[in-house]
Amino acid sequence: MQGHAGHAPVAPDKRGADPHEGMHHGGDLHAAAADMRRRFIIALAFSIPLFIWSPMGLMSAPATPFGLPENVWLWLLASAALLYPGWPFFTAAIRSLRRGVLDMAVLVLLSVGTGYVFSLGATFVFDGPNFYEASSVLLTFILLGHWLEMRARAGASDAMKALLKLSPPRAIVRRDNVDVEIATDDVQVGEVVVVRPGAKVPVDGEVLEGQSQVDESMLTGESMPVKKAPGALVVGGTINRSGAFTYRATKVGADTALAQIIQLVQAAQNSKAPAQLLADRASQWLVLAAIVIGVLTFAVWFWWLGQTLLFALTLTITVFVIACPDALGLATPMAIMIGTGLGARHGILFKHAEAIEQCARLNVVIFDKTGTLTVGQPDVVDTVAAADWDQARLIEVAAAVEAHSEHPLAQAILKHAGPVTDRATDYTNIDGQGAMGRVGGRWVHLGNRLLMAAQGVAVDELEAQADGLKGAGRTVIYVAVDRRLAGVIAIADAIRPTSRATIEELHRRNIRVAMITGDNRPTAERVAADLGIDIVLADVLPGDKAAEVKKLQAQGLKVGMVGDGVNDAPALTQAEVGFAIGAGTDVAIDSADTVLMRSDPYDVVRAITIARGTLRKMHQNLAWAVGYNVLAFPLAAGVLFPFVLSPEIAALSMSGSSVIVAVNALLLKRLPLATASIVAGESPAVSEESIS
């Protein structure tokens, strides 16, 4: 990928020798659809008079210029209807035959070419009937089906095109204290970038000066803007909603988060799922079967049953036409393209198509505790005030002392308290025990039991509550004012708001949930009981996580592993599906199969919902495509004689089958997914069966 993300092409999927290949639209599916529409209109324009004036049509051919015979007049019309409109199919068929591949383009060449060549011989070499109109009408219907298919594929790529447009073409950088507007492609790592209110952030970087609210919904799907201050990271393509700020560019071009998201989604859309590989092999066998059945059809009707050459040849061409495996070839790529695009819009990046299939089949998901089910930062989770004290006043005096400290536990108290209006004087840090200071003329001590004992503070009043909090895995901080106990503050790694809803929804999908952690077993089991987790893997060192995954796999389980992608990398690789959660701007995590852009465990539910919906559409499309051909072959071969299908009806049927597959895949866009803002304890109850 060169330059910024806006220059990345969207590559269409390849199914052998694609008739759309080589049209030189730079991978633009809308341009390819327009080209296919133009070819369809040209074929239709020449096929209508050809059908009307053919020997089987409604009227005789008009007087021809230069006294040309009627057959020559029909040949000219057929050539105009076939050569330019059908050229992509004919060249694709030749490429396939050179590679020894039998695909849909080969069948088009056989069906259309057989009728045209036979009619050409009847016109200039020997006496016989012609059916130029059958070949031209046949190609017209094939082009109609492909035009509608290309429109569907272009619609499926719209999410990708929206990503491509997110990166702004111009950026303002500060050079020699002068703000200069340059192309985003020209921004260098280390340069100072200026972002004004309402402007898009051009590349990734770290804020130097100023504050603002930045809309990161393109990256995370979260609608609420995120506050940015000095030291915060910003991502290219996000939108600055309020104040101005400057930042230092840290990633440009192909290294930006947006560029790597696009690379990941493109790779997934162009990869082949196991079901698609099976469909490709089935398509080749289907073409071979069509050729064999077509030859047998001709032999039976012409030599054995004594029908006319025109009748036998018509049925043979009908077999070739109706067997076109277009629907089979389209069945899984359309579903994969729409599924990956749907995931990208919700901050879920499937790295390859196989990850979607594997994700749909998971029956146990392992969550790393710290930073995944929990926020990974200490937070105040409970307060207990002594007699004559209330919780608000307790937090207030504790925050007045902790305002002088950078310790993580102190920061947790400060975050819980909000703005500090009364800072302690005479602050002293007591190593290994806590801190002290004077607040409103009174001495405040806060810390552990050792500090309370050293200061002669009796803790009997709240000892039972403190022991209970410690037993639940909390860190307990005692607060004393003038050497009398004022209360205790419990701090822990807080549970993410969506963790409970995630586990409830996974249970609804018959998926067991495991938690893996380095914590001791009593602490881990208390967290697991609080969340409703089925399997607890405690006292596990980072290097042993992959071994725990193997143990579950040895039980015949399909395992998904959710972690931060750093110390969890071996386990992410070992699992059937590795989910890297909270990847932020570093989305290219090699060890994960699926990247969840938000730090939201509920995205695992969304990913599984998308994967199951996609796999369901793949199975539906494959079943339709195979069932269609099983029924179509005998009908085309004339087993229900005197009821027979014409090549034109066969072409319409084949095109209709492809359109049905495309429309069914597009219905995946209606798959309901919960919004990013799930209230703690609430379950959105996304139904996987609401789209079928």
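Is Ser599 buried, partly exposed or exposed? Select Ser599 to start: this residue counts as partly exposed because its relative accessibility is 39% (buried is under 20% relative accessible area, exposed over 50%, partly exposed in between, with a 1.4 Å probe and protein chains only). Ser599 sits in the loop between β22 (594-596) and α21; helices (H or I, at least four residues) and strands (E, at least two) are DSSP runs, numbered from the N terminus.

Some ground rules before moving on. You're looking at a predicted model, where local features need pLDDT of at least 70 and side-chain atom pairs count only at pLDDT 80 or more, while totals for chains, interfaces and linings use all residues. Residues are numbered from 1 along each chain as its sequence is written, and side-chain values use heavy atoms, with hydrogens and water left out.

**Zoom out**

Show the whole protein chain as a cartoon: it has 22 helices and 22 strands. Of its 692 residues, 53% count as buried. Take contacts (heavy atoms within 4.5 Å) between residues at least 6 apart in sequence, and 68% of them join residues at least 24 apart.

**Into the core**

Now select Val365 and Phe579, which have the most contacts inside the largest nonpolar core, a group of 99 residues. Such a core is a set of buried Ala, Val, Leu, Ile, Met, Phe, Trp, Tyr and Cys residues joined through side-chain atoms within 4.5 Å. Colour helix α21 (residues 602-637) next, as it gives the most to this core, with 16 residues. Around Phe579, look for its contacts, among them Cys359, Leu362, Met561, Leu572 and Val604.

Select Ala353, Ala355, Ile356, Glu357, Cys359 and Ala360 to see the buried ones.

**Spans from the record**

UniProt, in an unreviewed entry, places the feature "transmembrane region" at several spans, including 106-125 and 285-304; its positions are in the numbering used here, feature names are shortened, and annotations may be inferred rather than shown by experiment. Residues 106-125 are 95% helix and 0% strand, with end C-alpha atoms 26 Å apart. For residues 285-304, it's 100% helix and 0% strand, and the ends are 27 Å apart, C-alpha to C-alpha. Leu296 belongs to helix α8 (residues 274-304).

**Charged pairs**

Side chains of opposite charge can pair when their charged atoms come close. The structure holds 20 salt bridges (a side-chain nitrogen of Lys or Arg within 4 Å of a carboxyl oxygen of Asp or Glu).

Select Asp35 and Arg39, whose closest N and O atoms are 2.6 Å apart in a salt bridge. Both lie in helix α1 (residues 29-53), four residues apart, about one turn of the helix. Asp35 is buried at 5% relative accessibility, and Arg39 is buried at 9%.

Jump to Lys545 and Asp368, which form a salt bridge at 2.8 Å, N to O. Lys545 is in helix α19 (residues 545-554) and Asp368 in strand β11 (residues 364-368), so this pair ties together parts 177 residues apart in sequence. Both residues are buried.

Last stop: Arg449 and Glu463, another salt bridge, at 3.7 Å from N to O. Arg449 is partly exposed at 33% relative accessible area, and Glu463 is partly exposed at 29%.

Notes. Lists of a residue's contacts leave out its neighbours within four places in sequence.
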